[in-house]
Amino acid sequence: MAGEAKTSAFMLGAATVMIGTPDKLFDLNPEDHSIGLVKNFRVTGEPSYTDLTQGVKNTVVYSVMTGNVVRASMEAYEYTGKNIAYSLGLEGGAVAPQTVSTDLSAPASISDTSVTVTSETGFAVDDYVMIQDGSDDKVYVRKLTATAAGSLTFAQALPKAIPAGAIVSKSNVIGIGSKDEQPYLSAKIVGTLADKTEVVLLCPKIRITNGFSLGFTTEGFDNLPYEFSFYDQVSTDPFYSDFLGEQAKLLTTK
């Protein structure tokens with residue numbers, strides 16, 4: 001039969017994308033390094049050639065590969081602080097979910113710069129906090145200038161009175177439009193084919209050079225359209241000898 005299949009290695013499946021520091025390439029694992037739900041992961045190679053021609057018709061008689069750009073793209077759906085930082089070209093590996101929170105043990109009055117809280121544990125000067133006053137969108141952001149036993153002091157006064165019981169949460173702060181340099185990263189992608197076998201892609205040196213998108217829509221789930229740029233290693237990079245002349249390795253049992 002024309003076009004008859006020879007194997008079951010069909011490309012229909014999902015992938016887990018793991019990101020970490022270059023020295024952790026071979027130790028990346030889903031529990032510590034996965035960016036969560038990812039759809040439509042795709043990696044492409046774009047080789048370019050310089051041709052040698054001859055005659056008045058300039059027919060090609062020889063060519064040399066003079067470049068081979070490798071790129072990867074995907075849609076990341078989980079808007080964690082780590083993933084957002086990565087999408088902005090920043091260091092996201094150190095961003096962890098914040099679990100520090102407390103509540104007002106006494107009501108606060110308009111123009112107060114300090115509030116009485118159940119516990120100040122975990123809060124520090126220069127932290128940014130969100131004060132949740134009941135309804136979903138009634139949130140005030142303040143920067144801490146001092147902490148003491150049972151109290152927090154802010155750089156700005158409160159605009160309204162806030163009742164006892166209001167939640168105060170420590171926040172991650174991610175700069176949009178920052179000019180900080182993202183360090184080089186490594187990535188491991190484990191994809192599953194239609195027959196449940198795995199394909200592994202090892203990327204020793206990448207940066208996330210595109211991907212920030214923040215859209216609150218009601219028509220569908222938004223995503224972070226990540227793009228990886230791949231780089232050649234230099235002699236001081238981890239695993240330089242393992243990837244000499246390569247920007248990634250693809251491992252498959254098929």
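Guide: With exposure. Buried means under 20% relative accessible area, exposed means over 50%, and partly exposed lies in between. Keep in mind that this is a predicted model. Now take Asp-195: its relative accessibility is 22%, so Asp-195 counts as partly exposed.

Visitor: Which residue does Asp-195 form a salt bridge with?

Guide: General idea first. A salt bridge needs a side-chain nitrogen of Lys or Arg within 4 Å of a carboxyl oxygen of Asp or Glu. Asp-195 meets that rule with Lys-254, where the closest N and O atoms are 2.8 Å apart. The two come from distant parts of the chain, 59 residues apart. Asp-195 sits in the loop between β10 (185–192) and β11 (198–210). Lys-254 lies in the segment after β13 (249–252).

Visitor: Is Lys-254 buried or exposed?

Guide: Exposed. Its relative accessible area is 51%, and the cut-off for exposed is over 50%.

Visitor: How many salt bridges are there by this rule?

Guide: The count is eight. Among them is the pair Asp-126 and Lys-143, at 3.9 Å from N to O. This pair also links distant parts of the chain, 17 residues apart. Asp-126 is in the loop between β5 (114–116) and β6 (128–132). Lys-143 belongs to strand β7, residues 139–148. Lys-143 has a relative accessible area of 32%, so it is partly exposed.

Visitor: What about Lys-138 and Asp-133?

Guide: Their side chains also meet in a salt bridge, 3.5 Å from N to O. Check each partner on its own. Lys-138 is partly exposed at 33%. Asp-133 is buried at 8% relative accessibility.

Visitor: What joins the side chains of Asp-237 and Lys-205?

Guide: A polar contact of 2.9 Å. Asp-237 is found in the loop between β12 (227–230) and β13. Its relative accessibility is 18%, so Asp-237 counts as buried.

Visitor: How many bridges join β6 to β7?

Guide: Five, and the two strands run antiparallel. Val-129 stands opposite Arg-142 in β7. The hairpin of β6 and β7 has six residues between the strands. In that hairpin, Gly-134 takes a positive phi near 80°.

Visitor: And how many bridges pair β7 with β8?

Guide: Four, again in the antiparallel sense. Strand β8 covers residues 151–154. Leu-144 stands opposite Phe-154 in β8. The hairpin of β7 and β8 has two residues between the strands. Gly-150 in that turn has a positive phi of about 75°.

Visitor: Which strand do three bridges join to β4?

Guide: Strand β9, residues 167–170, running antiparallel to β4.

Visitor: How much space lies in the largest pocket?

Guide: About 570 Å³. After the volume, look at the lining. The largest pocket is lined by 19 residues. Closest to its centre are Met-11, Gly-13, Ala-15, Phe-41 and Arg-42. Then ask which elements supply the lining. Those that give two or more residues are β2 (38–54), β10 and β11. β2 gives the most, with six residues.

Technical notes. Residues are numbered from 1 along each chain as its sequence is written. This is a predicted model: local features need pLDDT of at least 70, side-chain atom pairs count only at pLDDT 80 or more; totals for chains, interfaces and linings use all residues. Side-chain values use heavy atoms; hydrogens and water are left out. Buried means under 20% relative accessible area, exposed over 50%, partly exposed in between (1.4 Å probe, protein chains only). A polar contact is a pair of N or O atoms within 3.5 Å; within protein, one must be able to donate a hydrogen and the other to accept it, and residues adjacent in sequence count only if both atoms are side-chain atoms. Two strands pair if DSSP finds at least two bridges between them. On a 1 Å grid over the protein atoms alone, a cavity is a set of points where a 1.4 Å probe fits but cannot get out, and a pocket is an open set with protein on both sides within 12 Å along at least five of seven lines; lining residues have an atom within 4 Å of a point. Grid points are joined across faces, edges and corners, and a volume is the space filled by probe spheres set on the points.
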